[in-house]
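User: I am new to this structure and would be grateful for a close look at one part of it, the salt bridges. Please set out which side chains take part and how they sit in their surroundings.

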Amino acid sequence: MPLLDDVVLDWHGVPDFSRAVYQLALAIEPGQTRSYGELADDLGGKGMARAVGQALGANPFAPVVPCHRILAAHGARGGFSANGGTRTKLQMLEWEGAALGDGSSLGLFD
């Protein structure tokens, strides 16, 4: 699977907070996940988790900026605004070999 890490992004018009969220997402390796709260904590506090989710929902660079690698608390699926919703998110994570935080299956076919 190509990493797409050589794609140059045009950050013009992207709000500073969203850019910070996208840069954190870009640092997540394939097959790894982080939570909205973890990204929010990196940006100043867990109370910003909803704002992180909103920024990811408006991600103009998907799939280059891998918003599918961000999950809700405790490995829950969380939302996904792309066509197919959460099912697409889980499929992308499955392709990357990701597991939930406790090592369990992503439950794509649950």
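Analyst: The following account takes the salt bridges in turn and then looks at their surroundings. The model is a predicted one, and a search of the whole structure finds three salt bridges. As a general point, side chains of opposite charge can pair when their charged atoms come close.

Two of the pairs involve Arg-34. In one, the side chain of Arg-34 meets that of Glu-38, with 3.9 Å from N to O. In another, the side chain of Arg-34 meets that of Asp-42, here with 2.7 Å from N to O. Arg-34 is partly exposed, its relative accessible area being 23%. Glu-38 also counts as partly exposed, at 36% relative accessibility, and Asp-42 is partly exposed with a relative accessible area of 44%.

The remaining pair is made by Glu-96 and Arg-69, whose side chains meet in a salt bridge of 2.8 Å, N to O. Glu-96 is buried because its relative accessible area is 14%, under the 20% limit for a buried residue. Arg-69 counts as buried as well, at 8% relative accessibility. By way of shared partners, salt bridges join Arg-34, Glu-38 and Asp-42 into one network.

The nonpolar surroundings complete the picture. The largest nonpolar core has 21 residues, and those with the most contacts inside it are Val-21, Tyr-22, Val-52, Leu-56, Phe-61 and Ile-70. Helices H1, H2 (36–42) and H3 each supply at least two residues of this core. Leu-56 touches Val-21, Tyr-22, Tyr-36, Cys-67 and Ile-70, if residues up to four places away in sequence are not counted.

Asp-5 is placed in the segment before helix H1 (16–26). At 64% relative accessibility, Asp-5 counts as exposed. The C-alpha atom of Asp-5 is separated by 7.5 Å from that of Val-64, although the two residues are 59 residues apart along the chain.

Definitions and conventions: Residues numbered from 1 in each chain as written. Predicted model: local features only at pLDDT ≥ 70, side-chain atom pairs only at ≥ 80, totals over all residues. Heavy atoms only, no water. Salt bridge = Lys/Arg side-chain N within 4 Å of Asp/Glu carboxyl O. Buried < 20%, exposed > 50% of the residue type's maximum accessible area, 1.4 Å probe, protein only. Helix = DSSP H or I, 4+ residues; strand = E, 2+ residues; numbered from the N terminus. Core = buried A, V, L, I, M, F, W, Y, C linked by side-chain atoms within 4.5 Å. Contact = heavy atoms within 4.5 Å.
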